Amino acid sequence: MYPENFRYTKEHEWVAAVGDAGTIGITDHAQQELGDIVYVDLPKAGTHIEQGKSLGSVESVKAVSDVYSPVSGEVTEINQTLAEKPEILNSDPHGAAWLVKIKLSAPAELAGLMSAAEYEAYIGAEK
Amino acid sequence: MINKVRPHLSQNELLVFERSSPGKKAYQLPELDVPAVDAAEALGAANVRAEIEGFPEISEVEAIRHFTRLSTWNYAIDYGMYPLGSCTMKYNPRINEVVARTEALAWAHPYQPAALAQGSMAVMAQLEAALAEITGMDAVTLQPAAGAHGELTGILLIRALLEKRGNPRKKILIPDSAHGTNPATAAIAGYAVQNIPSSATGVLDVSALAQIVDKDVAALMVTNPNTLGVFEENIIQAAEILHKKGAMLYMDGANMNALVGIARPGDFGVDVMHLNLHKTFSTPHGGGGPGAGPVAVKKVLEPFLPAPRLKRTGKKWAWDYNRKRSIGRVKAYYGNFGVLVRALAYILAHGGPGLRNATVDAVLNAVYIRKRLEAYYDLPYSQANMHEVVFSDHRQAKLGVHTGDIAKRLIDYGFHPYTVSFPLIVHGALMIEPTETEGKHEIDQFIEAMISIAQEIETDPQLVKTAPHGTRTSRVDEVTAARKPVLRWKPA
Amino acid sequence: MRYLPKSDFERREMLGACGVSQPEELFAHLPEAARLGRPLNLAPGISEYEIVQYFRDRAAENGNGFACFLGAGVYNHYRPVLVDTVVSRGEFLTSYTPYQAEIAQGTLTTIFEFQTMICQLTGMDVANASMYDGSTAVPEAAMMAVRATGKGRVLVARSVHPEYREVLLTYAKNQGMPVEEFGYDPETGTLDLEDLERKMDDFTAAVIVQTPNFFGIADQVKEAARIAHGRGALLVVVFTEAVSLGILEPPAEADIVAGELQSFAISPSYGGPYAGIIATREKYIRQMPGRLVGQSVDSRGNRAFCLTLATREQHIRREKATSNICTNQALIALMATVFMTVYGKQGLRELAEQNLAKAHYLAGKVKPRFSGPFFNEFVVKVGAVEDLNKQLLKKKIIGGLPLGRFYPELADSVLLCATEMTRRADMDVVADTILRAATPTEVTA
């Protein structure tokens, strides 16, 4: 379910990084909790974001949820598909529905995040 | 068994634009008694528009049928109980509608000379006085247009006073059980919001409050009784804690229907509060408004009230614009006068004793519902309740049925749903406020419906999960509406 | 009491079921110090007949039977009877905000029609379900522009309704939103575009203008748009006289339109309740305040409407909401919807033409102070304003608005309004009185 090569946060975001190139998304667990996602608000490319700070939000019909960045860095690309098809966040949160690509400014932050196994244990315990 | 309602036919109706056809009219203007003017000449050709594309063109008969048909697709208090918690959906006396249309009141222009507006001003003065007596406060402004607007006015008053004392401070404390307007208001007034958790019993935790209140806190915004329908038993101590640190106590008066004639915010430490005339004082909700949100204050805040203020000079009423410390205007003119007329008519009809009797009936209805339903629905907080009662769907959720489903099923039984999923401190909340408007017969039918639904959930949960079944419109796809917003009609 | 349906017998039954013998016990849990130990000091209740009489007596203390030449944001237009017929239906009058779409399609459909008509009138893409009034729509539009641009300053024309500007200042004061005013041309009464250009900067989020402006003049929206857009600001166009949209070019260059619909069958009612609107471009939808109704389908595939994009609103986003507005002016917006339906495409045009004709008839007899093109109100320099209005009152006429309170430089002038309701004979009296007053020797006490 949860890809081994991703790192995870307690706020249910994931980051996949190769060198200093990272991709950020929300987890399958997060999309399930939110229900049908109707809108995604993302920063502009070039925005500098810090770990733990809000980088945008995802909305269902009756809830808004901030997305907190798992790592610090500069946004290099945002997923344009989400503006037209926010529903893919429900169907493919770990793949096609990535949110932003980011140039990591502190790759060491990755070590502080959870592995897939740790995350699964975490959401199991949360339930 | 559903015995309150049975289906009847309702008319289909297209949108007015789809009903239109060129050349149809529902109006006739009088013959012009002055020469016609060439628009292009008078205004400049560039300023004159082409026809209003798509605008309605239907006949008078079609117009009245159009709106009458649409009206029958609504539920209304005139049909039956409307148990929305915190919304106080009570009977809207029709005499209020009649007197609001009294010619020289309804057609008074806000700028007509004061000498020709004495009656309008007297109405406002009498309402101000009545609301001051009901709330136990010293002064009232009628300018705010609705509850949230009153909140903003109230918080700006607090800010103005604190500024005069040297420091407007930084944050407003808001319990986690509060209405969403409270934090939204604080933000617009330029304050940070600090949410404070309710105690295990769902009320203000005064020992925690004493820890939190410091020199950065401008005010605590509290709803009393709170959104659980529970009177804040420690309200006087809370006020003392705040006042000792130079902070103020704001009360959201949304639930004032539980207190009129019984207890007065001015007597239990509140510095400023708003009232929702469209809740407590019976002015119609009209599908979402208009309202009026008068703000009542203690003397210390009076100099800051929005200008202009009513003033008595000799035997005449006048508007006093010379209010140097006023926060300014929150609205053009003087307030939603037509709503104020209706509220005063309500107060006159009840009189002092009658208002108290209404409160007693409102609380009796809510306590009665609680007693009769607590065997069927989980009651997360067990304190004595006042005008409303909050259950949770804890038992039903185990069978996969949630508060929203129960609410929809209630529609099939001929009732408007209660308030769903609020307050946020109760997971799966069912928030029920009957108001004094309901007699025993209607309340008993409601209780029987709720019990019947609880039983249906045990035997046929799917029936409840797919409700309503008897309405002309079934569950609406809100997800598509939000993903691909269609907010206006366009020709095909 | 007639609004309380229970008999004492029923009350006792219900109290018994609650395990309580006296109603007072229901309040026993309230702290003693918080309780009111006496009856409210309010007179006992009165009958329906006495209530009618009370308000008739108050109405008699107001002016009765005066012809009125006041406009200035509140206009004297005929209210078709269908309007009250529709809004008096209990299904509209006594229903709540349409959160439960299955049993609120009546309200939802009329709001969808309202939103559509406002778009058609203003040339905007989307309109909300109403604001409190025009005056509060202005700060809401300004805050919206701040969110949309990420800038903070607001420039507002002095020819925007003065009380609307006061409301804007009240809201702006605590938001770190500096508001600066720019002037009007003393000859034409239109925007002083040079002053606007001079005061523009790159930190300006919104330029706010009104058309027809407070002096009744169709103002230079296109030019204001060019200047605002040139520096990355949004143009907010305000209107107070909605009937003008029957004939005037819609403010299509605006980014946000903030208006007041009082002219659409909403009685003046000494200042309210009225209905405001915010309309805008599609790209700013998510920055809008207030409720929106959207089209969808129900589970059987039939067209159905529901409240939508609610995540902008206070009950969901709380302190991060686009506005704190909750209750709006739904029933008043319905009045406007019925009005727009009754007059329709031809009628609104014809109505606007009648207003234009009446005001220009009056203006033809007295010289308007400004040369700009006006709709149904205009400024006249009359000298001793109060004297003039006193003379008119004796003739059962309420004269124009004295402008000194809002514009010290116009203390010698009044704002006169004529609508389709204004009679030629009364206009003749007003013109005559003004012309006489203009020659001081002819003014007799």
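Chain A and chain C bury about 550 Å² between them, with 49% of that area on carbon and sulfur atoms. Buried area here is the accessible area, taken with a 1.4 Å probe, that two parts lose on being put together, summed over both. Three residues, Tyr39(A), Glu59(A) and Val64(A), supply 60% of what chain A buries against chain C, more than any other three residues.

A word on the ground rules: this is a predicted model, in which local features need pLDDT of at least 70 and side-chain atom pairs count only at pLDDT 80 or more, while totals for chains, interfaces and linings use all residues. Residues are numbered from 1 along each chain as its sequence is written, chains are lettered from A and ligands numbered from 1 in the order in which they are written, and side-chain values use heavy atoms, leaving out hydrogens and water.

**Chain A against chain C**

Nine residues of chain A and five residues of chain C take part in the contact, where contact means heavy atoms within 4.5 Å. The rule finds three salt bridges across this interface, each being a side-chain nitrogen of Lys or Arg within 4 Å of a carboxyl oxygen of Asp or Glu. Look for Glu59(A) and Arg317(C), whose side chains meet in a salt bridge at 2.5 Å, N to O. On the chain A side, strand 6 (54-60) and strand 7 (64-68) each supply at least two residues, and strand 6 of chain A gives the largest share, three residues. Strands are DSSP runs (E, at least two residues), numbered from the N terminus.

**Inside chain B**

Chain B is divided into domain 1 (1-73), domain 2 (95-348) and domain 3 (357-478), with bounds from an automatic or database domain assignment. The centres of domain 2 of chain B and domain 3 of chain B, taken over C-alpha atoms, are 31 Å apart. Between these two domains, 23 residues of domain 2 of chain B are in contact with 22 residues of domain 3 of chain B.

**The two interfaces in a table**

Polar contacts are pairs of N or O atoms within 3.5 Å; within protein, one must be able to donate a hydrogen and the other to accept it, and residues adjacent in sequence count only if both atoms are side-chain atoms.

| Interface | Buried area | Salt bridges | Residue pairs in polar contact (both at pLDDT 80 or more) |
|---|---|---|---|
| Chain A and chain C | about 550 Å² | three salt bridges | four residue pairs |
| Domain 2 of chain B and domain 3 of chain B | about 1,600 Å² | zero salt bridges | five residue pairs |

How values were computed. Helices (H or I, at least four residues) and strands (E, at least two) are DSSP runs, numbered from the N terminus.
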